[in-house]
Amino acid sequence: MKRIISVFAAALFCLAASAQTPKDVKFRFTEASELNLIGKIMDNTPNPYHRVDTVLYKGFTTGENRQVRCPTGLAVLFKTNSTVISVKTEWGWEYSSVATMPIAYRGYDLYIKRDGEWVWAAAQATKPEKGRDNLVLIKDMDGSEHECLLYMPNYSEVNSCRIGIEEGASIEPLENPFRHRIVFHGSSYTHGVSTSRPGMSYPMQFMRHTGLQVLSLGVSGNCKMQPYFAAVLEDVEADAYVFDSFSNPDAKMIEERLIPFIDRMVAAHPGKPLIFQQTIYRESRNFSLSIDKREQDKMDMAEKIFREIVFSKENREKYKDVYFITPNASCNHESSVDGTHPDNYGYYLWARSIEKPVLKILRKYGIR
């Protein structure tokens with residue numbers, strides 16, 4: 001037993017050591033916002049890592065205010081020949097979760113391009129008490145120039161993010177290879193709750209699979225077609241808009257709010273595709289009659305409104321740019337973390353399930 005404990009302790013020590021600053025390396029730091037920060041729905045935020053200016057846009061609850069200040073979906077593009085890459089963070093509001101790994105909600109996720117594809121390279125997070133430490137993401141690289149895509153934390157506020165490289169190495173912005181601007185607005189699913197790292201939410205997987213730039217306005221538990229979120233979205237200039245609008249509200253709220261919300265989006269973005277997703281099947285409804293009824297009522301209401309109002313003959317011209325698709329995040333009832341949220345594989349299935357229908361719609365508008 002003592003031997004088992006000793007081996008386990010040694011393994012933990014090795015894991016901890018792998019994230020420590022390499023010996024004898026002198027770092028030079030560059031603020032991430034001075035490189036190429038992509039994925040922002042708005043560029044006019046006083047804090048470059050906020051998604052929405054919460055002084056300019058009013059009405060958010062305390063929780064919603066915090067969420068839109070998180071850098072969900074933001075990523076830094078740069079190229080460097082450094083053999084080591086690290087991050088120093090100054091945090092604002094910090095999240096905590098039992099259903100999501102710390103790497104996802106307060107860590108970083110690094111991809112490096114190889115043979116024309118983004119290949120996962122590293123992911124790390126500091127412990128809360130060591131939040132400002134120099135967090136080494138990767139070391140012992142070969143010293144050749146690499147193109148890097150660094151996803152920022154999903155669910156904690158960042159006041160400063162400085163990317164570290166070794167002294168003598170170069171770092172400069174990388175031109176954005178992702179095309180167009182596609183907004184994804186939605187619930188905790190769109191936010192990426194229960195992922196293991198920031199790059200695994202279904203919108204971020206969709207972005208890597210398709211090469212289309214995603215601008216995420218995921219707000220966990222709070223995507224209910226509120227008028228103040230509609231006000232933000234009215235001011236966001238994009239090529240297309242994808243909504244996960246039926247996961248948080250109940251059937252009555254969907255009945256009351258859907259058409260007014262659609263009308264505002266149609267008026268604000270004429271001629272732009274507005275793609276609404278049905279909510280996914282939640283595994284928590286498998287044996288609970290009350291949850292099963294509530295979830296089915298939501299799904300039925302969304303389908304009813306689209307069938308009877310949006311897609312009706314008399315309204316087809318008015319809503320000609322509005323679409324309704326159905327995603328799938330499970331193939332065997334084994335991809336749920338907590339009965340509500342999918343795991344990484346579930347989000348992979350979701351991203352893949354909407355890829356063809358979304359791309360087919362976008363092609364009608366010359367978006368490729």
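Residues are numbered from 1 along each chain as its sequence is written, and side-chain values use heavy atoms, with hydrogens and water left out. Because the model is predicted, local features need pLDDT of at least 70 and side-chain atom pairs count only at pLDDT 80 or more, while totals for chains, interfaces and linings use all residues.

**Salt bridges**

A salt bridge is defined as a side-chain nitrogen of Lys or Arg within 4 Å of a carboxyl oxygen of Asp or Glu. By this rule the structure has 14 salt bridges. The table lists three of them.

| Pair | Closest N to O distance |
|---|---|
| Glu172 and Lys79 | 3.8 Å |
| Arg106 and Glu94 | 2.6 Å |

Glu172 and Lys79 form a salt bridge with N and O atoms 3.8 Å apart. Glu172 sits in strand S10 (residues 171-173) and Lys79 in strand S3 (residues 75-80), so this pair ties together parts that are 93 residues apart in sequence. Helices (H or I, at least four residues) and strands (E, at least two) are DSSP runs, numbered from the N terminus. For burial, a residue is buried under 20% relative accessible area, exposed over 50%, and partly exposed in between (1.4 Å probe, protein chains only). Glu172 is partly exposed at 36%, and Lys79 is partly exposed at 23%.

The salt bridge of Arg106 with Glu94 has its closest N and O atoms 2.6 Å apart. Arg106 belongs to helix H3 (residues 102-106), and Glu94 to the loop between strand S4 (85-91) and H3, so the pair ties together parts that are twelve residues apart in sequence. Arg106 is buried, with a relative accessible area of 2%, whereas Glu94 is partly exposed at 35%.

Glu295 and Lys298 both lie in helix H8 (residues 289-310), three residues apart, about one turn of the helix. An α-helix has 3.6 residues a turn, so residues three or four places apart point the same way. Glu295 is buried at 1% relative accessible area, and Lys298 is buried at 3%. Arg282 is linked with Glu295 and Lys298 in a network of salt bridges.

**The loop between S2 and H2**

Lys40 lies in the loop between S2 and H2. Lys40 is buried but has no salt bridge, and the nearest side chain of opposite charge, Asp43, is 5.6 Å away. For charge, Lys and Arg count as positive and Asp and Glu as negative, while His and the chain ends are not counted. The side chain of Lys40 reaches the backbone oxygen of Pro48 at 2.9 Å and that of His50 at 2.7 Å.

His50 is placed in the loop between strand S2 (36-38) and helix H2 (62-68). His50 is buried, with a relative accessible area of 11%. Its side chain makes a polar contact with the side chain of Glu157 at 2.8 Å. A polar contact is a pair of N or O atoms within 3.5 Å; within protein, one must be able to donate a hydrogen and the other to accept it, and residues adjacent in sequence count only if both atoms are side-chain atoms.

**Helix H5**

Eight of the nine residues of helix H5 (residues 202-210) are buried, so H5 is largely enclosed by the rest of the structure. The buried residues include Tyr202, Phe206 and Arg208. After H5 comes Gly211, whose phi is positive, near 80 degrees.
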